[in-house]
Amino acid sequence: MRRTALAAFMALLTLSSAATAENYPSHPITIVVPFSAGGPSDAMTRILAERMKTTLGEAILVENTTGAGGSIGVGRVVHSASDGYTIGFGHLGTHVANGAIYKLGYDLVTDLEPVVLLPSNPMIIVSKNAVPAKSLNELLAWLKSRPEPAAAGTAGAGSGSHIAGLAFETASGVKLQYVPYRGTGPAMNDLVAGQIDIIVDQLSNSINQVRAGTIRGYAVTDARRAEQASDIPTTDEAGLPGFHMTLWSGLWVPKGTPKEIVTKLNAAAVDALNDPSVRHQLENLGLQMPPADRLTPEALGDWQKAEIAKWWPVIKAANVKIE
Ligand code: MLT
């Protein structure tokens with residue numbers, strides 16, 4: 001009797017989750033961005049969400065839940081219902097680096113389901129206009145000549161701008177004093193205002209300010225120049241050969257989210273990435289599209305694991321202090 005009751009219950013469960021997946025989505029969806037509004041993660045998410053809602057047929061709300069290098073926003077997603085209505089934006093910082101820096105209280109691989117790999121950002125070394133340097137070599141000389149470390153804006157320990165700062169220190173031998181914000185959106189405001197000295201920032205966050213001449217751009221951390229900023233040399237050309245870094249990003253949902261729902265979300269994101277007007281908006285910000293053969297949920301999961309294996313030893317060796 002007990003066995004048949006359990007079997008009936010399990011059958012009911014499968015039936016209801018299939019029904020849930022079938023009717024998904026039946027109300028608005030939330031994408032949690034773990035950094036401030038107006039920053040690069042927020043900008044990319046809002047462009048994609050605007051198009052994904054067309055495929056999904058439901059409104060998509062963008063919620064900025066910030067702090068601790070993005071780990072608070074990721075935790076919000078981990079602890080959400082696994083019903084497809086809470087999705088998390090993340091990147092190399094939040095879904096790799098933070099695992100080597102914070103006691104997260106959740107597991108970045110087993111507590112989340114990967115949905116799709118999103119565009120990546122080459123990084124760019126930028127400074128306030130008051131810095132007496134017109135080239136990367138002059139910037140390095142200025143940074144090295146200072147009695148105290150320059151103030152470098154980040155989105156908190158473990159964030160992309162922080163990891164890039166650490167990589168810049170290693171490549172250049174310069175020491176930096178990190179100034180944490182809840183995103184590089186607000187950090188950019190202070191750089192334009194001259195409150196901080198430099199950011200090793202995502203190109204999509206700096207490109208318009210560099211174009212407007214409100215900050216100075218020195219080099220892009222990629223092997224080739226960015227089409228949208230072709231006047232800015234690469235680090236190889238500008239005097240830091242081999243200092244290459246791009247910040248990849250993705251979408252995740254809480255573990256246990258039905259596979260059918262993950263498939264629907266993946267399809268909506270891929271539709272958006274293949275939409276010419278969406279591509280134009282993203283590429284105009286200097287973002288690089290992910291390869292077409294790496295747009296499956298599994299591809300993101302495998303890539304994340306490979307990046308964890310690559311970056312954790314480096315980050316743990318850096319002995320990062322949480323501000
Ligand atoms: C942001 O959107 O503020 C960034 O992704 C922060 C960062 O990781 O540097």
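## Helix 10

Helices here are DSSP runs of H or I with at least four residues, and strands are runs of E with at least two, numbered from the N terminus.

Helix 10 has buried residues, among them Ile261, Val262, Leu265 and Leu273. Buried means under 20% relative accessible area, exposed means over 50%, and partly exposed lies in between (1.4 Å probe, protein chains only).

## About the model

This is a predicted model, in which local features need pLDDT of at least 70 and side-chain atom pairs count only at pLDDT 80 or more, while totals for chains, interfaces and linings use all residues. Residues are numbered from 1 along each chain as its sequence is written, and side-chain values use heavy atoms, without hydrogens and water.

Strand 5 covers residues 150-154. Five of its five residues are buried, so the rest of the structure largely encloses it. In a regular strand, side chains alternate between the two faces of the sheet. Ala150, Ala152 and Thr154 point one way, and Ala151 and Gly153 point the other way.

Strand 5 runs parallel to strand 6 (residues 176-180), and five bridges join them. Two strands pair if DSSP finds at least two bridges between them. Gly153 has Val179 as its bridge partner in strand 6.

## Around the ligand

Residues around the ligand include Phe35, Pro40, Ala155 and Thr184. Each has a heavy atom within 4 Å of the ligand.

Which polar side-chain atom lies 2.6 Å from an oxygen atom of the ligand? It belongs to Ser41. For His91 the distance from a polar side-chain atom to a ligand oxygen atom is 2.8 Å. For an N or O atom in the Gln202 side chain, it is 2.9 Å. The protein covers 100% of the 270 Å² of accessible area that the ligand has on its own; such areas come from the Shrake-Rupley method with a 1.4 Å probe.

Asn205 sits in helix 8 (residues 203-212). Asn205 counts as buried because its relative accessibility is 11%. Val192 lies in helix 7 (residues 184-192). Its relative accessibility is 36%, so Val192 counts as partly exposed.

Key: A polar contact is a pair of N or O atoms within 3.5 Å; within protein, one must be able to donate a hydrogen and the other to accept it, and residues adjacent in sequence count only if both atoms are side-chain atoms.
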